[in-house]
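Please look at the model first, then read the points below.

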Amino acid sequence: MAAQDVLGQTARLASSSALLQVLFRVITFGLNAFTLRYLSRELIGVVNVRVPLGVFWSLILGLVWLHLLEVPDPSVVPHYQAGVVAFGLSAIIELLGEPFWVLAQVHLFVRLKVIAESLSVVSKCILTVTLVILYPHWGLYIFSLAQLLYVSVLVMCYVIYFVVFLGSPEATKKSFPVARVKALLPSFVEDETFVNWKEARLTWSFFKQSFLKQILTEGERYVMTFLNVLNFGDQGVYDIVNNLGSLVARFIFLPIEESFYVFFAKVLERGKTVKDQKQDDVAMAANVLELLLKLVLLIGFTITVFGYAYSQLALDIYGGSMLSSGTGPDLLRCYSLYVLFLAVNGVTECFTFALMCKEEVDRYNFVMLALSFIFLCISYFLTHWYGSVGFILANCFNMGIRIAHSTHYIYHYFRESTHRPLTGLLPSPALLLVYIISAVVTAFSEVLFCCDKGWMARLIHISTGALCLAATLVVMFCTETKLIHFVRSQFLSRYLKKGT
């Protein structure tokens, strides 16, 4: 089978796989990373609740997906029922491994997380590509097996590590709060009632906040799934472009957000004003926040500027004319802009959530509730007007509102101090001018040389972009010296130490 035929079938299968991914996320959204602050009895209590709830929701939502939602034509997308079962099972498997992930996250086992997620993602990709090429007629069996392999490898990496680590001299030396793996498994405590209402209320609070955040993060998936605003073919193209565009968010922005959320939560005390904090800690946190904002802003600007002119070429190389001749290039161009919003929102929210007190979090939940409703309505109408591009435009609106809320919080938090970390959102005028020139030059280059004028024209287009990118980096090194020093000291030095 030709490569384009394989890719075409993969796109159709990916659209249905995306529906099942929604099922996976719906099952786990209320039982996710908000247990980060609870390590001993509270963590165990939440684990006891989350696994039965995961099984319950897997059964309920599995029936919804099979009997109430649109089921694809079996002749085009076979084995859909088996896919629903497999994705529900994968959600339960991941819930079983969640306590180990929480321990690794809170105790900064960064290397463990990187190795576990890398092995699971690589295993999933290798299996998917192999089965798509060798057995394309398997349909959703391919994505189902890949998903099961992904969660199995992920959970096994954490389990094996903690089986070896817990009880070891290193764990004893660090006074690790958990002594045995058995303490992390679902269990009944004989001296307590069947339902611990304090932990039940805690779990319900996590559920509400996670539900709202899940709607804001991936609400377009639910609109596509429940309202059928796009056919399966358009969903497949959207899913491919979305996965390509989100690579930067997954591999660059997400690790930064998770690492510095823990940093801000440890440096500053939650619920206290800036005057009540240690001023040395305030100065350090403000400086780090300013430089982080500048870092992600420049990464986002670079992707937005160069992504606009090279989206069509990237899709043409990746998937041929099937992706580069339709709505794919416009989707990826809009996603390049969306990455800029993602970059800024991730850092501002990680600081905000690290410092909000309970009352502020509760107020924010009401804001998120209203925003979720508005976002879903905008997604629905923009999709009717602009097709799949409307989803990305709605996401840009959603992220813009969240950025506005977070920056408002940061401004008021530092208002009574001399620190102004939001200045990190202001690039130097010289660098901004270079970005504008690069955007104009690469846009003209795309019109003149891309993408149906042969490989020589493509090489000229690529060379033009490389020269503009080099000029941008040179100006960046000359004007953002403080940021360059921060990157060298905080990121590059770690790899240099590991190498030595």
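The points below cover helix packing, a surface patch and salt bridges.

This is a predicted model, in which local features need pLDDT of at least 70, side-chain atom pairs count only at pLDDT 80 or more, and totals for chains, interfaces and linings use all residues. Residues are numbered from 1 along each chain as its sequence is written, and side-chain values use heavy atoms, with hydrogens and water left out.

**Helix packing**

- Helix α3 (residues 80-106) packs with helix α5 (residues 140-165) at an angle of about 15°, and their axes are 9 Å apart.
- That angle makes α3 roughly parallel to α5 (angles under 35 degrees count as roughly parallel, over 145 as roughly antiparallel).
- The contact of α3 with α5 has 21 nonpolar residues, six polar and one charged.
- Helix α4 (residues 110-134) crosses α5 at roughly 155°, with the axes coming within 8 Å.
- α4 and α5 are therefore roughly antiparallel to each other.
- In the contact of α4 with α5 there are 19 nonpolar, four polar and three charged residues.

**Surface patch**

- Val121, Leu247, Phe251 and Ile252 make up a nonpolar patch on the surface, with about 330 Å² of accessible area together.
- Patch residues have over 30% relative accessible area and no salt bridge, and nonpolar side chains are joined within 5 Å; accessible areas come from the Shrake-Rupley method with a 1.4 Å probe.
- Helix α9 (residues 247-267) gives the largest share of the nonpolar patch, three residues, and Phe251 is found in α9.

**Salt bridges**

- The count comes to six salt bridges (a side-chain nitrogen of Lys or Arg within 4 Å of a carboxyl oxygen of Asp or Glu).
- Lys275 and Glu416 form a salt bridge through their side chains, at 3.9 Å from N to O.
- This pair links distant parts of the chain, 141 residues apart: Lys275 is in the loop between α9 and α10 (279-319), and Glu416 is in the loop between α14 (389-413) and α15 (429-449).

Technical notes:
Axes fitted to C-alpha atoms, helices over the stretch in contact; angles between N-to-C directions. Helix = DSSP H or I, 4+ residues; strand = E, 2+ residues; numbered from the N terminus. Parallel < 35°, antiparallel > 145°, perpendicular 65-115°, else oblique. Nonpolar A, V, L, I, M, F, W, Y, C, P; charged D, E, K, R; others polar. Patch = residues over 30% accessible without salt bridge, like charges linked within 9 Å, V, L, I, M, F, W, Y side chains within 5 Å.
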